[in-house]
Amino acid sequence: MATRTARSVARTASSSSSSNLSPGIAAVSPPLVPASSPRLRLAWAKTGDHALIHGLLVSVFHGPSAAEFQAQLDEPGYEPADRLVVKDCDQIAAHLRLARQTIRFGSSTLTAARFMDLATGPEYRSRGLATALLAAGERAAAERGVLVGLTRTRVPMLFARQGWALCGRHVYSTASPRAVLAELAAATTAASADASAAFLRPQPEPIVVRPLRRIDLRAVVRLYEQHITGQSGWPLRCEAYWEWLLARGACDRVYVASTAGETADFEKMLESIVGYACVRQSRLVELIAAAGRADVVHQLAERVCADAREQDVWAIRYDAPPNDPLHELFRRAGGRLSISQELSGELFMAKLLDPLAALRGLAEVFTARAIAAQVSRPFELGIELRSGGGRKAGRSGVVERYRLCIGTGSTRIETGGPSRHSIILAYHDLAPLVLDDLGAEALARAGRLKFTTDKGRRIAAALLPGGGWWRPPLDDLLA
C-alpha cells in the first residue's frame, strides 16, 4: 500500500513526512512576508501554536490525524521552533516544518533538513506566503549548518523556482504473495536438488522468524548501521529514534530472523538476530539482513507473504533500491518492478544549501572513488555552475566555480577557476549530481552537462558516477 502523504492544494502546499533525530532548527531572524500583506508576520512557532497548526494542516491536507501530529511532537529532538509560521493576529495563515537529519554518504555524512507540511490557508493564497516560508526555511537551515534540503512534494514548480531539483525515485516491486511463495519454494528445492553431494555441504543454520520484542532493538540498530555503510541517502537512526519510529504505529508488524532459540544469555540472543523486516499491511517497507545472508532474506519474505496469503491479499509490495536481489525474485514470480520519479503526483526534490561545504564534506568520498577507479593523481576537476534555479548571474551566466584538487596526500576543494578540465552545468542540477542520484555521464546524455576535455569526462565519470541515491520509505510512513 502506498504511503499516505498529505495532499497539497493549489500552488501553496507541499508534503513530506516523518522526521529526524538532530536538535531542532534554532531561531534566526526571519525575513518579512510580502509588503502587500502588512498584517501578516513571519515567526517561529511556539508550543501554544500547535493546536492552530494542526487545524490548518487538517483544513488543507485533511490530515495528519491527532495521533500522528502528537507523534511529531514526541519525536526525539523536536522543538516548536522547528516550525515556521505566518501569523495574522491570532490566526495561522501558513506553515512550514523543518526536520533535521544526518544522512549517510559513502564513508561520510551530511546534515540535511526535510522541508515538510508547507501549507497556506485558503483565504491567504496568491500572496507569496509559501515562497517566503521556503526562503526563510532555507536561510534558517543554512545558518544552522545544514548542507542539504530535502522534500517530497506535489508542487515541484514552487520548489524549482527556488533552485530545487528532482532527486530520487520511487522504486518498488509488486507480485502475488502466492506466486512469490511458489518461487521461494522452487529456489529452495533447486538449492537442495543435488542429494548426492548434500552431505558434503555444511548444513544451514535453522532460522526462526518471530515478532520483534523490545529487547531485540539493539540488534536491529546494529543491522541497520552495518547495512548503510557506504550507502548514499540513508538516514542515521539511533536507538531512541528507532523506539519513536516503531512506537508511532506506522508499521503493523516487525519481524526478526534469529539463528538461535530462546536463551537466557542476552548478548548471545542479540548476536543471533541476523535480519529484520518492517511491514505495513501488504507492503514490505524495509527488509535488511546480515551481509551474505540471502537465506535470511528469503525466510523473512516467506513469512510476510504467508501472512498476506492468509489475509487473502492479492498483491504484496516491496520497497528497495533498484539493485536489490529480491526484485529479481519478484520478477520471476510474475511481478513487476516500478521505477518512476512520480507516484500519485508526489516527487522527491533536493537542494544544496551550501554547495562548497557539501563538496568539502564529501572530499574523502571523492578521494576513495579516484583511487578505486585508478585515476592518476594529482589532478584537478573544475565545476562551473551556470545561471538558473532561482539565482542571478552576471553577463557570463556563471554563478560559481569550484575546483576539486585531489593529490596523493591531500584533497582540497575550493572556489576559483576556470580549470582546464571542467564540467559545466546549471546550478540546480548540482544537487542530483553531487548526491549521487544522476551521474555526470547521465546528465551529459540528457544535454544538461558539458565536459571541456576528454580527461575531464573520465575524471567526472569516476568521481560522480550516480545511481547510488536512495531514501528508505520507513521514515516517511504516517501512523
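User: Is Cys89 buried or exposed?

Analyst: In this predicted model, Cys89 counts as exposed, because its relative accessibility is 54%.

User: And how many disulfides are there?

Analyst: The count comes to zero disulfides. Cys251, for one, is in no disulfide. The nearest cysteine sulfur to Cys251 belongs to Cys278 and is 4.7 Å away, whereas a disulfide requires two cysteine sulfur atoms within 2.5 Å.

User: Where does Cys251 stand on accessibility, buried or exposed?

Analyst: Cys251 is buried, because its relative accessible area is 15% and the limit for buried is under 20%.

User: Turning to open space, what is the volume of the largest pocket?

Analyst: The largest pocket holds about 890 Å³ of space. Its lining consists of 46 residues, and those nearest the centre are His227, Pro321, Asn323, Asp324 and Pro325.

User: Which elements contribute to that lining?

Analyst: Two or more residues each come from strand S9 (232-235), strand S12 (283-289), helix H9 (294-310), strand S13 (316-319), helix H10 and helix H12 (363-372). S12 gives the most, with five residues.

User: What is the make-up of the pocket lining by class?

Analyst: The lining of the largest pocket has 25 nonpolar, eleven polar and ten charged residues.

User: Asp324 was among the central residues. What does its side chain reach at the start of H10?

Analyst: A side-chain oxygen of Asp324 comes to within 2.9 Å of the backbone nitrogen of Leu326. Asp324 is also one of the residues nearest the centre of the largest pocket.

User: Which residues of H10 are buried?

Analyst: H10 covers residues 325-332, and its buried residues are Leu326, His327, Leu329 and Phe330. Viewed down the helix axis, the buried residues of H10 fall within an arc of 160°, so they line one face of the helix.

User: What follows just after that helix?

Analyst: Just after H10 comes Gly334, with a positive phi of about 85°.

User: Which residues are closest to the centre of the largest cavity?

Analyst: Eleven residues line the largest cavity, and Leu150, Thr151, Arg152, Phe348 and Arg471 are the closest to its centre. Strand S5 (148-153) and strand S15 (347-352) are the elements that give two or more residues to this lining. S5 gives the most, with three.

User: And the classes in that lining?

Analyst: The lining of the largest cavity has five nonpolar, two polar and four charged residues.

User: Back to helices. Which residues of H2 are buried?

Analyst: In H2 (residues 66-74), the buried residues are Glu68, Phe69, Ala71 and Gln72. They lie on the same side of H2, because they cover an arc of only 155° around the axis. The face turned away from that buried side carries the exposed residues Ala66 and Ala67.

User: Which residues of H15 are buried, and which exposed residues are on the face turned away?

Analyst: Helix H15 (residues 454-463) has Gly456, Ile459, Ala460, Ala462 and Leu463 buried. Down the axis of H15, these buried residues fall within an arc of 160°, so they line one face of the helix. Asp454 and Arg458 are exposed on the face of H15 turned away from its buried side.

Note on methods:
Residues numbered from 1 in each chain as written. Predicted model: local features only at pLDDT ≥ 70, side-chain atom pairs only at ≥ 80, totals over all residues. Heavy atoms only, no water. Buried < 20%, exposed > 50% of the residue type's maximum accessible area, 1.4 Å probe, protein only. Helix = DSSP H or I, 4+ residues; strand = E, 2+ residues; numbered from the N terminus. Arc of directions from axis to C-beta. Polar contact = N/O pair within 3.5 Å; in protein donor to acceptor, adjacent residues only side chain to side chain. 1 Å grid on protein atoms, 1.4 Å probe; cavity = no way out; pocket = protein on both sides within 12 Å on 5 of 7 lines; lining within 4 Å. Nonpolar A, V, L, I, M, F, W, Y, C, P; charged D, E, K, R; others polar. Points joined across faces, edges and corners; volume = space filled by probe spheres on them.
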